[in-house]
Amino acid sequence: MHDVTLPLAGIKVIEICNVAAGPFCAMVLADLGADVIKIENPNGGDTLRSWPPHSGPDGNTFSENFASLNRNKRSVTLDLKQQTDREQAIVLAADADVLLENNRPGVLTRLGLGYEVLRQHNPRLIYCSISAYGQHGPRADEGGFDVTVQAISGIMSVTGEKDGAPVKAGVPISDFAAGLYGAFAICAQLRRVAETGEGVHIDVPMMGASLAIAALQVSEYFGSGKDPVKLGSAHPRNAPYQAFKARDDYFVMAAGTQNLWETACRLLNREELIADPRFSTTALRARNQAPLKETFEMTFSSFSAQELIDLLSRAGIPCSLINSYSRALSDPQSEHMGWANPIVLANGVHTKTLGFPLQFNGKTPGIRMTAPKLGQDQHIISDSQNQGGELTRPRARHKQPQ
């Protein structure tokens, strides 16, 4: 399953990132074949290395959180506050296709590693900056994490139960949405650079990416002038389309078309609901979700969640148990697709990680390298010094403009 041509083979990426958005972006590129060299501070490296769970014996543990975002990469250590180390970073960037960073705006510029400096050494460089709010504007100097961006971008305002306290999405979607936008933009710009030889500075704001993936909620506000509200698991324009309580557990049913709605009513021996004026159209069902949920759950109380799944799925109605991650990973579809990959951590511990989820002609890019120990590829620095450490780009790899 892993014998696949890697579309980014031959592309060199320098990563100066911590924790999530940047490392995830770089890992997507690495999974697609890019040679990612991760520059870390010699004093502890990427702070994600300290995040549990840690596997291995005392004195030789390794963070599985770090491993999940840093496979297929190499690690070198440089103290970018030191002049000699900054010069070496410039040497690395001078021979790279991409530099990816997720520091606060201005940090690398003050260190002499900003885009305007590096483009003098490498005019073809794609310099991608991921930050909370973007490289300019009234909030540009503010720091941010996934939870604060989920809050300011509106995500938390539509997450959770109607009368409940504010909650964030259970996964760091602002971090990873920004990482995916960054990877997409880099891949797009690689084509342009190959044709023109001109590099570019990409500005990826987490807040903007979070607003962008909320296109339906944003358009609801633009179209109605009203703020979308929290609906729990329900949908503002579709019903029945949410979690319901059965006799023993919750499950999700999405009978989101007229045909599916009528089929569900017949399967559950509730044909009278089809003619009920409160539920006769999708719009009316969405408007009357509370009584619809109460009515359905009275019927569901006679069935186990699995019995309802079996009944509804046989009729083609989308439905599912609400899986824990252990159940999701052991689901037959997960096992068939091979998403959970065995890996050996850098300290020799055997574990698993979620691999690249896409396929190309039925094949999945594999894990070529486990996440590195801090500075384990320091020879890259020595090799560049042995080659003279010149602050120039030694080769041109773009097509000449027509």
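The model is predicted, so local features need pLDDT of at least 70 and side-chain atom pairs count only at pLDDT 80 or more, while totals for chains, interfaces and linings use all residues. Residues are numbered from 1 along each chain as its sequence is written, and side-chain values use heavy atoms, with hydrogens and water left out.

**Stop 1: the six-stranded sheet**

Select S5, S2, S1, S6, S7 and S8. In that order, the six strands form an open sheet with parallel pairing. Strands are DSSP runs of E, at least two residues long; helices are runs of H or I, at least four long; both are numbered from the N terminus. Two strands pair if DSSP finds at least two bridges between them. S5 and S8 (200–205) are the edge strands, each pairing on one side only. From one strand to the next, the twist averages 20°. Angles run from 0 to 180 degrees between N-to-C directions, with axes fitted to C-alpha atoms, for helices over the stretch in contact.

**Stop 2: strand S1**

Now select S1 (residues 12–16). Five of its five residues are buried. Buried means under 20% relative accessible area, exposed means over 50%, and partly exposed lies in between (1.4 Å probe, protein chains only).

Next, show the neighbours. S1 and S2 run parallel and are joined by four bridges. Lys12 stands opposite Asp35 in S2. S1 also runs parallel to S6 (residues 98–101), again with four bridges. Here Glu15 stands opposite Leu100. Step on to S7 (residues 126–131): S6 pairs with S7 in the parallel sense over four bridges. Leu99 has Tyr127 in S7 as its bridge partner.

**Stop 3: helix H1**

H1 lies across S1, S2, S5, S6 and S7, at about 130° to S5. Contact means heavy atoms within 4.5 Å.

**Stop 4: salt bridges at the sheet**

The structure holds 18 salt bridges. Each is a side-chain nitrogen of Lys or Arg within 4 Å of a carboxyl oxygen of Asp or Glu. Show the side chains of Glu15 and Lys38. They form a salt bridge, with the closest N and O atoms 2.4 Å apart. The pair links distant parts of the chain, 23 residues apart: Glu15 in S1 and Lys38 in S2 (residues 35–40). Buried or exposed: which is Glu15? Glu15 counts as buried because its relative accessibility is 0%. Lys38 is also buried, with a relative accessible area of 0%.

Move to Arg74 and Asp35. Their salt bridge has its closest N and O atoms 2.7 Å apart. Arg74 is in S5 (residues 73–77) and Asp35 in S2, 39 residues apart. Arg74 counts as buried at 19% relative accessibility, whereas Asp35 is partly exposed at 25%.

**Stop 5**

Select Glu195 and Arg191. They form a salt bridge with closest N and O atoms 3.6 Å apart. Both are in helix H7 (residues 173–196), four residues apart, so about one helical turn separates them. Glu195 is partly exposed at 33%; Arg191 counts as exposed at 58%.

Go to H3 (residues 83–94). Its twelve residues should span 16 Å at 1.5 Å a residue, and its end C-alpha atoms are 16 Å apart, which agrees. The expected span is 1.5 Å times one less than the number of residues. Buried residues of H3 include Arg86, Gln88, Ile90 and Leu92.

**Stop 5: the three-stranded sheet**

Finish with S9, S10 and S11. In that order they form an open antiparallel sheet. The edge strands are S9 (241–245) and S11 (319–321). The twist averages 25° from one strand to the next. S9 and S10 (residues 250–254) pair over five bridges. Lys245 has Tyr250 in S10 as its bridge partner.

H13 (residues 289–300) lies across S9 and S10, at about 40° to S9. H14 (residues 305–314) lies across S10 and S11, at about 155° to S11.
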